Amino acid sequence: MATIETHVSGSVLTIELNRPARLNALNAALLEELSEALSAAEDPAVRAVLLTGRGGAFSAGQDLQEAGVGELDYQEHLGRYNRVVLQLRRLPKPVVAAVRGVAAGAGLALALACDLRVLGRDTRLITAFARIALVPDSGMTYTLPRTVGWGRAFELLALSPELSAEEAQRYGLANRVVDEERVFEEASALAARLAEGPTRVFGLIKHALDESARLGLEEVLELEAQLQKLAGEGADHEEGVRAFLEKRAPRFAGR
Ligand code: LHQ
């Protein structure tokens, strides 16, 4: 693929945004290829995904230099973003974002649609949309307030400050902050560790959290009971209990 690189190591699929000269700015071709790469992540052999950007940035969001960006068919173009965001959220396995340099606009929205974020100490997060008089898209009005709270979300979206990695961690936007040159290594290790876990259950956890955002308590309790039945029937649950009783580390297969 021209704008995306993928490789598999063990059961981790790494997807790298590959337009470093433009800080991995997103265009139609990249979004199509990203969607293809995320479809490939459905392969049962893949148990965790690592999303990253080549070069010094994660992604600067929509490519504003792309010819015709002023005359975009918003319906069609946002359809590409929306498909990718839904793929990230509906993929029943963990997705880790390795965020170096800058993540802005829809680039930040993609990072927020992942399950975990590893940032570099010099990483900057910028919502960016309002800087060019656009409303947030790609799910940012869903993910951001759920992570940072309502009050902070408006400020981050309206004033669009550059958020340092330290602030991002304080706001709950970063799971780990490490030296810039260790971001990929740390995120890979996290993805590899997750890939050895009960990954089918991780998918159920992800589903439960997403659903809880729109359900009342009674419905949440009902959903938890349904998902617990599915988890309880899984081979990994049996292995987890057996390993506990035998006082050894479990060997999960993601089933
Ligand atoms: C870029 C970009 C970029 C192209 C840096 N495009 N070249 C919008 C529209 C329609 C429908 C769908 O949804 C969206 C969603 C969105 O994502 S809206 C938000 C779009 N993104 C932005 O507004 C961010 C624009 N970029 C910036 O504010 C800065 O470049 C940041 C803060 C990201 C980085 O600043 P610096 O570290 O100072 O780098 P730089 O500005 O010098 O950029 C380096 C190069 O990358 C430069 O090219 P050049 O040829 O001059 O070296 C930039 O022009 C290019 N670049 N962002 N989004």
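Which helix and which strand each supply at least two residues of the shell around the ligand?

Analyst: Before the answer, a word on the source: this is a predicted model, in which local features need pLDDT of at least 70 and side-chain atom pairs count only at pLDDT 80 or more, while totals for chains, interfaces and linings use all residues. Residues are numbered from 1 along each chain as its sequence is written, and side-chain values use heavy atoms, with hydrogens and water left out.

The elements you ask about are α2 (74-90) and β7 (124-126), where helices are DSSP runs of H or I with at least four residues and strands are runs of E with at least two, numbered from the N terminus. The largest share of the shell, four residues, comes from α2. There are 24 residues around the ligand, and Gln62, Leu64, Ala106, Arg124 and Asp137 come nearest; a residue counts as near if one of its heavy atoms lies within 4 Å of the molecule. By class, the shell has 15 nonpolar, five polar and four charged residues, with Ala, Val, Leu, Ile, Met, Phe, Trp, Tyr, Cys and Pro counted as nonpolar, Asp, Glu, Lys and Arg as charged, and the others, Gly among them, as polar.

Some atom pairs can be described individually. A polar backbone atom of leucine 64 is 2.9 Å from a nitrogen atom of the ligand, and an N or O atom in the side chain of glutamine 65 lies 3.0 Å from a ligand nitrogen atom. An oxygen atom of the ligand is 2.8 Å from a backbone N or O atom of alanine 106. On its own the ligand has 1,000 Å² of accessible area, of which the protein covers 66%; such areas come from the Shrake-Rupley method with a 1.4 Å probe.

Helix α2 also packs against other helices. With α1 (residues 28-40) the angle is about 25° and the axes are 10 Å apart, the axes being lines fitted to C-alpha atoms over the stretch in contact, and angles running from 0 to 180 degrees between N-to-C directions. Helices α1 and α2 are therefore roughly parallel, a word used for angles under 35 degrees. With α3 (residues 106-113), α2 packs at about 20°, their axes 9 Å apart, and these two are therefore roughly parallel to each other as well.

Conventions
Polar contact = N/O pair within 3.5 Å; in protein donor to acceptor, adjacent residues only side chain to side chain. Parallel < 35°, antiparallel > 145°, perpendicular 65-115°, else oblique.
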